[in-house]
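Please read the following points with the sequence and the structure side by side.

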Amino acid sequence: MIPELYLVASRELISVLGREYESAGKDVVVLHQFVRGRYCPNLSPFALKLEAFFRLANIKYVVDSQTPFGPKGRSPWITINGEEVADSEFILEHLTHRFNLDLDAHIDPRQAAVLEAVRVLADEHLFWCVVVWRYWLDESVTFLKSQNFSLCLRFAFSFIVPRGMRDRARQHGIGLHTPLEIYQICKKDCETLAGVLGE
């Protein structure tokens, strides 16, 4: 989603600023993510998921937006006690084990299975509906109003990112559908989530 040049520069910063992460303190998570937006804490739903988890679990954390891309070239990622962990699901599993957490102890195996299915629906299906609309169909117009990007990033999100996301969406498969069909997929996903959440 970010230009290749920004990605390369971000990776170089990881090694340059690595020592600063160590000063966060023992067992303090450094959450590496995109810069905060005007209205929403982060453009990435995965970063929002992690921050919500940290707060629910009372895990101390600090935010770093200078190096949003981690060792796998994706955002968000974390550093804790000098160790790097990438991908939001692996991060949740790692921290749950490290801090001996069990936030879902009150639910039965069937409920846990439903929650996992909902997570996959949101992370792997609904996410792509949002991405296609945000970067391709809307060409970042609405999205850019919610961000505090530099001129360089605004240019990238206006002209480079939409083209790249169109290609990635087609590779994924969702980009082969018409805008109306994608809307119908998104609507069905939301109805499914509403059915699970109930009142």
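1. In this predicted model, the largest nonpolar core comprises 25 residues. Trp128, Tyr135, Phe143, Phe149, Phe157 and Ile174 are the members with the most contacts inside this core. Four helices each contribute at least two residues to this core: α4 (109–137), α5 (141–145), α6 (151–172) and α7 (179–197). The largest share, ten residues, is supplied by α4.

2. Phe143 deserves a separate look. When neighbours within four places in sequence are set aside, Phe143 is in contact with Leu43, Arg134, Tyr135, Asp138, Phe149 and Phe157.

3. Is Ile182 buried or exposed? The relative accessible area of Ile182 is 5%, and Ile182 is therefore classed as buried, since buried means under 20%. Ile182 belongs to helix α7. Not counting residues up to four places away in sequence, Ile182 touches Cys129, Val132, Ile174 and His177. Along the chain, Ile182 and Leu126 are 56 residues apart, and their C-alpha atoms are separated by 10.0 Å.

4. How many disulfides does the structure hold? The number is zero. A disulfide is a covalent bond that joins the sulfur atoms of two cysteines. Two cysteines may be examined for their accessibility. Cys152 has a relative accessibility of 57% and counts as exposed because this value is over 50%. Cys40, at 32%, is partly exposed, because this value falls between the limits of 20% and 50%.

Note on methods:
Residues numbered from 1 in each chain as written. Predicted model: local features only at pLDDT ≥ 70, side-chain atom pairs only at ≥ 80, totals over all residues. Heavy atoms only, no water. Disulfide = S-S within 2.5 Å. Buried < 20%, exposed > 50% of the residue type's maximum accessible area, 1.4 Å probe, protein only. Core = buried A, V, L, I, M, F, W, Y, C linked by side-chain atoms within 4.5 Å. Contact = heavy atoms within 4.5 Å.
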